[in-house]
Amino acid sequence: MKNPWTRAVLMSAVLVLGASAASAETNFPATVQLGGQTLVKNGQGTRYRAVFKVYDMALYLPSRTQDAAQVLAMPGAKRASFVALRDIPGDQFGLSLGSGMRENINPQHAAEVVRHMNDVIAVFSTETTIRAGQSFRVDHVPGKGTSFFLDDKQKGPTVANPLFAEAVFSIWMGRKPVETQLKDGLLGRAAPAVNAQLSN
């Protein structure tokens, strides 16, 4: 490829597409404690909208897996940790979570989960803005339920229904994830290699 401008444009596109599967900038810990268990970091990545970074994210599980179905079915505690990389309107974030759940929900479970979706949207609508640098997370503890936290303060009630936990984690692990490259990163899969032609 002789044209340096074309090569630079293609390189930028590849980097953006591959960035989510690469390690996030945030230094997430290798393990966390939740529900009396030690969870290991399964993977991490960055959520993009167009070329803009939205948040870094890490997924914690009782044991590592590269199978998304196993993530959703795996017994034990689970955590999704986030750090905002830009200001995010709270209502917009809540709506995006609801949309992600609707895209991936098992139709047989929809009636049980939908009302909880609306609760999540309402919870985040009370936050005008999630500021860049703020942390938030989703915790699921078997026998207790699924809870949302912003800067370590719980937002809204704990939802006991385990089907809700599956719906929440399917936002990133479902058949229509919010971003495929981010899903790969959370599953610990390597970022796609840059085409060798770009170096020619």
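Helices here are DSSP runs of H or I with at least four residues, strands are DSSP runs of E with at least two, and both are numbered from the N terminus. By that rule the protein chain has six helices and nine strands.

Some ground rules before the details. This is a predicted model, where local features need pLDDT of at least 70 and side-chain atom pairs count only at pLDDT 80 or more, while totals for chains, interfaces and linings use all residues. Residues are numbered from 1 along each chain as its sequence is written, and side-chain values use heavy atoms, with hydrogens and water left out.

Now the chain as a whole. I call a residue buried under 20% relative accessible area, exposed over 50%, and partly exposed in between, using a 1.4 Å probe and protein chains only. Of the 200 residues in the protein chain, 46% are buried. Contact, for this talk, means heavy atoms within 4.5 Å. Take the contacts between residues at least 6 apart in sequence: 62% of them join residues at least 24 apart.

Next, helix H5, which covers residues 162-173.

H5 is mostly covered, with ten of its twelve residues buried. Among them are Leu163, Phe164, Ala167, Phe169 and Trp172.

Two packed helices are described by the angle between their axes and the distance between the axes. Axes are lines fitted to C-alpha atoms, for helices over the stretch in contact, and angles run from 0 to 180 degrees between N-to-C directions. The partner is H4, residues 110-125; its axis comes within 9 Å of the H5 axis, and the two cross at roughly 60 degrees. From the H4 side, Glu112, Val113, His116, Met117 and Val120 make the contact, and from the H5 side Leu163, Phe164 and Ala167 do. Ala, Val, Leu, Ile, Met, Phe, Trp, Tyr, Cys and Pro count as nonpolar, Asp, Glu, Lys and Arg as charged, and the others, Gly among them, as polar. Sorted that way, the contact has six nonpolar residues, one polar and one charged.

On to the strands and loops. Thr146 sits in strand E8, residues 145-150. Is Thr146 buried or exposed? Its relative accessibility is 0%, so Thr146 counts as buried. Leaving aside neighbours within four places in sequence, Thr146 touches residues that include His140, Pro157, Phe164 and Ala165. Two of those names, Phe164 and Ala165, are also on the list of buried residues of H5. A polar contact is a pair of N or O atoms within 3.5 Å; within protein, one must be able to donate a hydrogen and the other to accept it, and residues adjacent in sequence count only if both atoms are side-chain atoms. The side chains of Thr146 and His140 make one at 3.1 Å.

Lys144 lies in the loop between strand E7 (135-141) and E8. At 56% relative accessibility, Lys144 counts as exposed. Which residues does Lys144 contact, leaving aside neighbours within four places in sequence? They are Thr158, Val159 and Ala160. Lys144 and Gly35 are 109 residues apart in sequence, but their C-alpha atoms are 9.0 Å apart in space.

Glu127 is in the loop between H4 and strand E6 (129-130). With neighbours within four places set aside, its contacts are Gly90, Asp91, Leu150 and Lys155. With Lys155 there is a side-chain polar contact of 2.6 Å.

Two loop residues have a backbone angle to note. Ala50, in the loop between strand E2 (37-49) and strand E3 (52-61), has a phi near 60 degrees, a positive value in a residue other than glycine. Ala50 counts as exposed because its relative accessibility is 65%. Asp151, in the loop between E8 and strand E9 (153-159), has a positive phi of about 50 degrees and is not a glycine either. With a relative accessible area of 35%, Asp151 is partly exposed.

Last, Thr31 in strand E1, residues 31-34. Thr31 is partly exposed at 40%, and its contacts beyond four places in sequence are Thr38, Leu39, Val40 and Tyr60.

Definitions and conventions. Expected span 1.5 Å × (residues − 1).
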